Amino acid sequence: MSIKIGLLGFGTVASGIPFLLKENQEKISAASRDRLEIAKVLVKDDEEKNRLLAAGNKFNFVTNVDDILSDETIDIVVELMGRIEPAKTFITKALEAGKNVVSANKDLIATHGRELIKLAQDKGVAFYYEAAVAGGIPILRTLANSLTSDKVTRILGVLNGTSNFMMTKMVDEGWTYEAALAEAQALGYAESDPTNDVEGIDAAYKAVILSQFGFGMTIDFDQVAHQGISNITPDDVSVAQQLGYVIKLVGSVEETESGIFAEVSPTFLPKSHPLASVNDVMNAVFVESIGIGESMYYGPGAGQKPTATSVVADIIRIARRIKDGNVGKPFNEFVRHTRIAHPDDVKSHYYFAVNTADEKGKMLRLAEIFNSEDISFEQVLQQKANGETARVVIITHSLSKTQLANVTEKLKAVADFELVNTFKVLGE
Ligand SMILES: NC(=O)c1ccc[n+]([C@@H]2O[C@H](COP(=O)([O-])OP(=O)(O)OC[C@H]3O[C@@H](n4cnc5c(N)ncnc54)[C@H](OP(=O)(O)O)[C@@H]3O)[C@@H](O)[C@H]2O)c1
C-alpha cells in the first residue's frame, strides 16, 4: 500500500518533490505512516512529456488532467502550475472528486481561497498551502498551531524576495531602482514583467493569507492597500540612512479596536529592528503578540528545495490525517467574523519628502498645513536641492490614516509644495 499523489505541473517547485521524497525517505515514511508515491504528473503537452522522459525523468506523465482527477487510487493532488486558471478549475474539480489538495499558489488562494476552503470543508477533504507564504518558512503552521494560545496583535513581513534583493542593492550599494531591477532580472529573480513583485501585489497576496492565520479574519485582496518600491529615489534612501533607518518593502497586518488593517508599503525601519537586517532574497515574518511578545521567523521565501519542503510537509500532514481518519480538519481553524479597521484607528509615523521654493516663509506655511491636521513633527531636515528649490524632509509623530489622507490632499492642493514621496515609518 502507498499514498498516491498526482502532481499538476512539473516546473521549479514540483520537480524538487521527488528529490525530497528520496533523500528523506525514512523520516517521511515514518511521519506519514506509509510510503508516498508520485503516481501521475500532469504536463502541458506531448512535447514537454517527451523532453522530460528524454532527460531521464521516470514518471507517469499525462497531458489530460482527467487522467488524475478520475483516478480513484490518487489521494492527494498537488497543484504547482501557478496563475489563476486553469489552476482554479483543476483544484475545484479535484476537491469535488473528494481528493485532498496541496497548493503553493498565493495568487489563487488570496483571491479565491474562501470558496476553495469552503468546498474542501463541504467535501470533508484537506486543502493545505503552507508554501504560499514565504516559501520555505513554516509560518502558517506556526501561526495555526504553535501560536494557538497567543493573541497576535501585529504581523510585519519582508515577504517578497525580489523586491528585497533590489532594496538591499539600493540601500547598501546606492543603486538606482532601474539598476537594481536590471540586476534582479539578469539573475532570474525578477520576471520580464516585474509588476507583481515591485508593486507590492505579491506581498499583498501573502498579507491576505496571513490575516486569516494570524487574526482569524479574511480580508479581501482589494482591501489590502499596496504601494511598491518603484518610486523610491536614491535621495529617500540616503535620507533614511542619515536619520537611522533602512527602507524595505514591508507587508503588515494589525488588529485595532475596530478591526484589522493590512497594507504593503515601503517602510522606514529603525536600523535596530530585526527586519532591517533581512537582506537580499531572504524573507522574514515578525510577529507581535501578547504572550510571546516579539518573535521572528526567517528563511528563504522561494527556491526549489525550500518551497518543495513546505509542500511535502503538507503532503505528509494529509497522509497522516488519512491514516488517523480526520483528514477533513481545516488547515486553519481560527475563524472570526471579519471587521475592517476604521482609518481613524490605524496609526503610524510617516516620512514626507516635499519640494518647495527656497524662500522665506515656506517652512512656516508647511508647518501650518500639518498643524491644521493636528500632526506634529518628530524630525525635520531641510536640504538645498539646487539654487531655487529646497527639499524638506519630515518624520511625523504618530498619525491616523484619516489624518494622512487629509494632509496629503491639502499638500497636493497648494501649488507652493510638491509632495515627492510619503512612506510609513516604524516607531522605535
Ligand atoms: N518558485 C518558487 O520559489 C515559489 C515559491 C513559493 C511559491 N511558489 C508557487 O509555486 C507554484 C509553482 O511555481 P514554480 O516556480 O514551480 O513555477 P514554474 O517553474 O513556472 O512551474 C509551473 C509549471 O507548470 C506548468 N503548467 C502551467 N500550466 C499548465 C497546465 N495547464 N498543465 C500542465 N502544466 C502546466 C508550466 O509549464 P509552462 O512553463 O510551459 O507554462 C511549468 O512547467 C506557483 O503558484 C508559485 O507562485 C513558487
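How many residues surround the ligand, and which are the closest?

1. In this predicted model, 19 residues surround the ligand. The closest are Thr 12, Val 13, Lys 44, Ala 302 and Gly 303.

2. By residue class, the shell around the ligand comprises nine nonpolar, seven polar and three charged residues.

3. For Thr 12, a polar side-chain atom lies 2.8 Å from an oxygen atom of the ligand. Thr 307 contributes through its side chain, where an N or O atom is 3.5 Å from a ligand oxygen atom; the cut-off for a polar contact is a pair of N or O atoms within 3.5 Å.

4. As to burial, the ligand taken alone exposes 890 Å², and the protein buries 71% of that area. The site of the ligand is the largest pocket.

5. Turning to the overall fold, the protein chain contains 15 helices and 17 strands. Its radius of gyration is 24 Å, close to the 22 Å given by the globule rule for 428 residues, so the chain is as compact as a globular protein of that length. Along the principal axes, the C-alpha atoms of the protein chain fill a box of roughly 85 × 45 × 35 Å.

Terms used. Residues numbered from 1 in each chain as written. Predicted model: local features only at pLDDT ≥ 70, side-chain atom pairs only at ≥ 80, totals over all residues. Heavy atoms only, no water. Near = heavy atom within 4 Å. Polar contact = N/O pair within 3.5 Å; in protein donor to acceptor, adjacent residues only side chain to side chain. Areas by Shrake-Rupley, 256 points an atom, 1.4 Å probe, with all protein chains shown as cover. 1 Å grid on protein atoms, 1.4 Å probe; cavity = no way out; pocket = protein on both sides within 12 Å on 5 of 7 lines; lining within 4 Å. Sits in = over half its atoms within 2 Å of the grid points. Nonpolar A, V, L, I, M, F, W, Y, C, P; charged D, E, K, R; others polar. Helix = DSSP H or I, 4+ residues; strand = E, 2+ residues; numbered from the N terminus. Rg over C-alpha atoms; globule rule 2.2 N^0.38 Å.
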